[in-house]
Amino acid sequence: MRPYSIGEVSAITQISRDRIRNYEKQGIICPGRDKENDYRMYSERDIAMLQAVETYRFADFGIDDISAICTQTSVEDIMKIAMSRSDNIDRQINELKILKQRNLDITNKCRLIRENLNILCVRTYDDFEILGELDDYMSFDEYSRIYSADESRRPVVYKLQRMITFDPGGIKTNKMVITRPKDHPEKIRCLYMIVKDGENTDDAMKTAFPKCLDYCKANDLIVTGTVYIGMLLIMCEDRKISTYLEIKAPIK
């Protein structure tokens, strides 16, 4: 049983010399030394151990787990490590799926803006719960109400909507409400429009609101007397804040 140099071991196992040396530092393999030149000399056992290491690295086991496996372990121990890692991977997959959906939601919001900006149409939205009220979106000292009413991690901009009630005589109430999606929402038919609002610009609702009423009259639509305005997207343009607002006016 002849010894092998690190170059030979690297060629046999296809493991780089640096990684082989790292495994030695971790105590996973302990090569002997040539008495004449002090070069590392690896045994068949060392090669077998490196092959075992690569088997578990292929499954992305951590170096601590591999060290334990290569020192003293049993089939049951290896199974526990593999099962624990599988459970952790499942959690990561679920977290990534949630993150992917959040990114798809933003993609869909951008698509909505592109297709519906300043265009009136009839569509449906998912009904939601109203959990409370704020004096205004900028009433930051009242934000504790938001977090008390809805402990989810959804951003504040998705939890708040402006609710306007009106009758033929004009606007009756205008307030900010805290909202939350329902578990089993109904589809509400509405007059729908997206408008852009920003710093140092006229209130987008001053022009959008009359336009909505004119559209209803021209198309024989009956509004219920309530309008919900939510923030669809917030961004910066020329160092100024711009927002895209989603207007939903339920109709009969």
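Colleague: Is tyrosine 228 buried or exposed?
Modeller: Tyrosine 228 is buried, with a relative accessible area of 12%, where buried means under 20%, exposed over 50% and partly exposed in between, using a 1.4 Å probe and protein chains only. This is a predicted model, in which local features need pLDDT of at least 70 and side-chain atom pairs count only at pLDDT 80 or more, while totals for chains, interfaces and linings use all residues. Residues are numbered from 1 along each chain as its sequence is written, and side-chain values use heavy atoms, with hydrogens and water left out.
Colleague: How many aromatic pairs does the structure hold?
Modeller: There are four aromatic pairs, counted when the ring centres of Phe, Tyr or Trp (its six-membered ring) lie within 6.5 Å, with planes under 30 degrees apart called stacked, over 60 edge-to-face and the rest tilted.
Colleague: Why is the pair of phenylalanine 128 and tyrosine 228 called edge-to-face?
Modeller: Because their planes stand at 85°, with the ring centres 5.0 Å apart.
Colleague: Switching to charges, which ring does lysine 109 sit over?
Modeller: Its charged end sits over the ring of tyrosine 158, 4.7 Å from the centre, the criterion being NZ of Lys or CZ of Arg within 6 Å of the ring centre and within 35 degrees of the ring normal. Lysine 248 lies over the face of tyrosine 125, at 5.5 Å from the ring centre.
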